[in-house]
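Take a look at the model below. We will walk through a pair of helices, then some residues inside the fold.

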Amino acid sequence: MSKEAVTAAQEAPRTVASDVPADAGDAGYSKDLKARHINMIAIGGAIGTGLFLGAGGRLNSAGPGLALAYLVCGIFAFFVVRALGAMVVYRPSSGSFVSYAREFLGEKGAYVAGWAYFLNWSTTGIADITAIAMYTHYWSFFTDIPQWVLALIALAIVLAINLISVKIFGEMEFWFSIIKVAALVIFMLIGIFLLVTQHEVGGGTPGLHVITDNGGLFPSGMMPVVIVMTGVVFAYASLELVGVAAGETAEPQKIVPRAVNSIMWRVGVFYVGSVVLLALLMPGSAYSGDESPFVTVLSSIGVPAAGDVMNLVVLTAAMSSLNSGLYSTGRILRSMAMAGSGPAFTAKMSKNKVPYGGILLTSAVCVLGVGLNFLMPEKAFEIVLNVAALGIITTWVTIMLCHMVFRRRAEAGLIPLPKFKLPGSPVTEIVTIVFLLTVLGLMWKDAEIGRPTLYLIPVIALALVVGWYKVRGKVAAGGLAAEQSK
């Protein structure tokens, strides 16, 4: 951590949970999200496009060892969310880690964290609408409709949902998550039944021999498993949404720890368990990046309708992810705007207490994704996935840096230390940061998409520097919040 960041963190105004609001960007929100919404948002964050669509191509390239990649990345993802949860218990905020970065790392830290997160979710939104269009093309009725048209329709529907109210968002996420969880549970029960009865799947019988007869856990060696880590990290990219949603619930200190603690077993069951099951049912070569692996399995057992139903479910997962992305960026951008580091219009709230300015800005970037679907429909998903990985890795590193300073100040008695803690701190934060930076470096191994993505880092860094020099005067003056108080 830089000397400047530590100094800024020590000098930053200290707040406590009772200060309402400690962050000017938290003013004006309703508290309409209930415990069931937060719990299902946590589940929804752990089950998304990265599993439903991305696992197919990764199984094909990495083989059954992909389960190990999901397990390792899942553990580090849990550390990140646990660290964020500790800060939420200390001070809930709709600005989430951007607000914490402002307090513990200074305004520059908040500025970088916020725009990195915007990069993550705006590009993730492109990945989501791409996935929705791909899923829809599964049905012959939609085959003749261009992929970019389907992507635009999906964006319009989810945008409308987000602009109504946070209560509608919460309800939609609740039911989206119910559908995803129910579908995975049913699929796993079907998969276990196929294993136990030795029912034919894709021309062969399932079992451990499917792995041993096709090259074992690592049919192409360890390197493909290591390389897919970037995509696997992306699969967990929505977990930090719990921290954002905490700002719009009445009892965050009670609800958030419970939701965070349940993430670990969900990772084990839903991600690792489902990938192991997929590997036992069919060889990795049977899967592809063009189709959900769950659809591949269900279609191969001779029940076409099952594939149709599962395809509808994974389409729901992509809609859920897009829904979450618009929600979270709207709140993060408002927090930045109130501090002066974001566009002023993103601070605007509707009469239903929805920060529509930030939501519309993210949607505008997603429209660029519609253009990408028009120009490069085959590569659109993988391209934006890698760019999104840059944003999420930056976000997670920021969360761990914030937590390191948070714990240092708490142990010095400057702020209260919540009972909800990150185990092994500060070693856990350091190991997690090293792991995340290593994953970032692994993108160099992917010469087709990963390496060109890394070339974007200097471009993004330059844009951030130029942007900071444009907003620093406004930030120093206290931002939009200061202007409104005059």
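**Helices and buried residues**

Cys366 is buried, with a relative accessible area of 0%; buried means under 20%, exposed over 50% and partly exposed in between, for a 1.4 Å probe and protein chains only. Cys73 is buried too, at 1%. How many disulfides does a search of the whole structure find? The search finds 0, a disulfide being a pair of cysteine sulfur atoms within 2.5 Å.

This is a predicted model, where local features need pLDDT of at least 70 and side-chain atom pairs count only at pLDDT 80 or more, while totals for chains, interfaces and linings use all residues. Residues are numbered from 1 along each chain as its sequence is written, and side-chain values use heavy atoms, leaving out hydrogens and water.

Now the helices. Two packed helices are described by the angle between their axes and the distance between the axes. Helix H5 spans residues 66–90 and helix H6 residues 96–104. Helices here are DSSP runs (H or I, at least four residues), numbered from the N terminus. The axes of H5 and H6 come within 11 Å and cross at roughly 75 degrees. Axes are lines fitted to C-alpha atoms over the stretch in contact, and angles run from 0 to 180 degrees between N-to-C directions. H5 is therefore roughly perpendicular to H6, a label for angles of 65 to 115 degrees.

Which residues meet? Leu84, Met87, Val88 and Tyr90 in H5 meet Ser96, Phe97, Tyr100, Glu103 and Phe104 in H6. Contact means heavy atoms within 4.5 Å.

Thr362 sits in helix H18, residues 356–375. Thr362 is buried at 1% relative accessible area. Leaving aside residues up to four places away in sequence, Thr362 touches Phe118, Ser122, Leu326, Thr329 and Leu333.

Technical notes:
Helix = DSSP H or I, 4+ residues; strand = E, 2+ residues; numbered from the N terminus. Parallel < 35°, antiparallel > 145°, perpendicular 65-115°, else oblique.
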